[in-house]
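Please keep the sequence and the 3D view at hand while reading.

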2 protein chains.
Amino acid sequence: MDAVPQSGRSLGHQERMRIRSGTFVGSTAGLAPGNVQANLVILPAELANDFLRFAQANPKPCPVLAVSEHGDPSLPTLGRDIDLRTDMPRYRVWRHGELVEEPTDITHLWRDNLVSFAIGCSFSFEAALIEAGLEMRHITTGRTVPMFRTSIQCAPASVFRGPLVVSMRPRRPADAIRAVQITSRFPSVHGAPVHLGLPERIGIRDIAMPDYGDAVPVEPDELPVFWACGVTPQAAIAAARLEFCITHAPGSMLITDLRNAALAAS
Amino acid sequence: MDAVPQSGRSLGHQERMRIRSGTFVGSTAGLAPGNVQANLVILPAELANDFLRFAQANPKPCPVLAVSEHGDPSLPTLGRDIDLRTDMPRYRVWRHGELVEEPTDITHLWRDNLVSFAIGCSFSFEAALIEAGLEMRHITTGRTVPMFRTSIQCAPASVFRGPLVVSMRPRRPADAIRAVQITSRFPSVHGAPVHLGLPERIGIRDIAMPDYGDAVPVEPDELPVFWACGVTPQAAIAAARLEFCITHAPGSMLITDLRNAALAAS
């Protein structure tokens, strides 16, 4: 991965400071355009190695952008002066698999044994597709991308296991081919699609009934195209009913100093 | 394109000498494995510029590997000591759009004003797909790849015009995605597919009734994947009813000294 830009204050840094100050608590979609945004998972150290093994074995749904040192709330490879306790608009705190709190700051929950994972998010490859002139149906219709639990099981690692969750974007065939080409260049943010055209073959019975997010129309001249989704690790964590963990709240991502273009494989 | 290997006698050269001597008149499929094979089109000079414009405007079906000097039967960028009059097992001679002769040598027909085009062929990308462990249904079933005339029209240039012809290879969705990735690296031999999954949208009414070649089974868990095909320029040439031209006979290709791997985009 390319180094973090060092010169001056990046737009990502500015947005993090605004969020840290508590003056912004909404969705990060559209903030610091062109900057990589990331999913966050914070776990006690005794679970971190197993989670990292799970991510390593399932790189398409769980592309790890950075892992922190024990108890260190910074991620220096992703941005200057990041403080993971304050720099995301909203968090989710889980105890024994139950959502117990959605705070805007987790300083009061911080422990010296916590390990943080930043995981690539589809915002980056969507930016590349939009740049290439391809429509994002869920964006043009003002919805959340439709997501489905599939019959494909992730490779398990200790307590972490569960189905691959995919997001769906409809495309005409020639554009589906183009989308494969474009997103193949972004392996650290889910990469190429995992499936297209035959949803029933991966256990999706009704394309109009997503398990998460909103349904979007698929026209007769379009194929549904499926990408591995960052909800996969969240679902695996929820199913593991961990004694304690923290994640970002949906849509409330870590804004990094990295540029999306810097993630592209050559 | 990489330079022709200079050291020693390439396997391609050996096979051309065998063909030149008249001791081999069969299909070139499987000869000099890993070497690029090419379609051949030989036209009078007054038509060559228009044909080159046609190819330039339609690079997916007509990827030009090399164009000869007027009246020169060699193609030095494709191989050492190539003589296009003798080095292919069989030719087709066309007069006013009619096939009039299928000789094994065209020395008697050579003229000083002929221009030769070597055009990339799917053998190269098929080799890359096989290398990646993907099945070629037409090869495993001992047939010719099925080809279809589509409702997509080529960009015309002077007398050269006509439909895009495509070849079809069935693939399970995940393998179709993999095939897009692999063949995208080979733009000079048709490159990425042009369509997949919805044949009726490109004017193909019955996948079991190809216009050229043989039908192959498409299983319920597979999508038909379509690549632009080198029959496209041949069909355009036939439709133009040229006073005179020469092409290779089907399956009787020019074996070059280039390696398939050398065609891969980085």
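## A pairing term and the model

Two strands count as paired if DSSP finds at least two bridges between them. In chain B, Pro170(B) has Pro224(B) of S9(B) as its bridge partner. The model described here is predicted.

## How the two chains are related

Chain A is superposed on chain B by a rotation of 179 degrees with 0.0 Å of shift along the axis, and the RMSD is 0.1 Å. That is the relation of a two-fold axis.

Which surface do the copies meet through? Of the interface residues of chain A, 100% are also interface residues in chain B, so the copies meet through the same surface.

## The sheet in chain B

Strands of a sheet pair through backbone hydrogen bonds, either parallel or antiparallel. Chain B has an open sheet of four strands in the order S6-S7-S9-S8, with antiparallel pairing. Its edge strands are S6 (147-153) and S8 (195-196) of chain B, and each of them pairs on one side only.

Within this sheet, strand S7 (residues 163-171) of chain B pairs with strand S9 (residues 223-228) of chain B over six bridges, in the antiparallel sense. Helix H6 (residues 231-240) of chain B lies across S6 and S7 of chain B. The helix runs at about 150 degrees to S7(B).

## The sheet in chain A

In chain A, four strands form an open sheet in the order S6-S7-S9-S8, and the pairing is antiparallel. Strands S6 (147-153) and S8 (195-196) of chain A stand at the edges with a single partner strand each, so one side of each has no neighbour in the sheet.

S8(A) is joined by two bridges to strand S9 (residues 223-228) of chain A, and the two run antiparallel. Leu196(A) has Val225(A) as its bridge partner in S9(A). Helix H6 (residues 231-240) of chain A lies across S6 and strand S7 (163-171) of chain A, at about 150 degrees to S7(A).

The largest pocket holds about 1,200 Å³ of space. Its lining is made of 50 residues, and those nearest the centre are Cys121(A), Ser122(A), Phe123(A), Glu126(A) and Met253(A). Several elements of chain A give two or more residues to this lining, among them strand S1 (35-44), helix H4 (137-140), S7 and H6. Helix H3(A) supplies the largest share, eight residues. By class, the lining has 24 nonpolar, 20 polar and six charged residues.

The second largest pocket holds about 1,000 Å³. Of the 46 residues that line this pocket, Ser122(B), Phe123(B), Thr144(B), Gly251(B) and Met253(B) lie nearest its centre. Elements of chain B that each supply at least two lining residues include strand S3 (91-95), helix H3 (122-131) and strand S10 (245-248). The lining divides into 20 nonpolar, 22 polar and four charged residues.

The largest cavity holds about 30 Å³ of space. Its lining consists of Trp94(B), Gly97(B), Ile237(B), Ala238(B), Arg241(B), Leu242(B), Phe244(B) and Cys245(B). Six of these residues are nonpolar, one is polar and one is charged.

Conventions
Residues numbered from 1 in each chain as written. Chains lettered and ligands numbered in written order. Predicted model: local features only at pLDDT ≥ 70, side-chain atom pairs only at ≥ 80, totals over all residues. Heavy atoms only, no water. Least-squares fit on C-alpha atoms with pLDDT ≥ 70 in both. Contact = heavy atoms within 4.5 Å. Axes fitted to C-alpha atoms, helices over the stretch in contact; angles between N-to-C directions. 1 Å grid on protein atoms, 1.4 Å probe; cavity = no way out; pocket = protein on both sides within 12 Å on 5 of 7 lines; lining within 4 Å. Points joined across faces, edges and corners; volume = space filled by probe spheres on them. Nonpolar A, V, L, I, M, F, W, Y, C, P; charged D, E, K, R; others polar.
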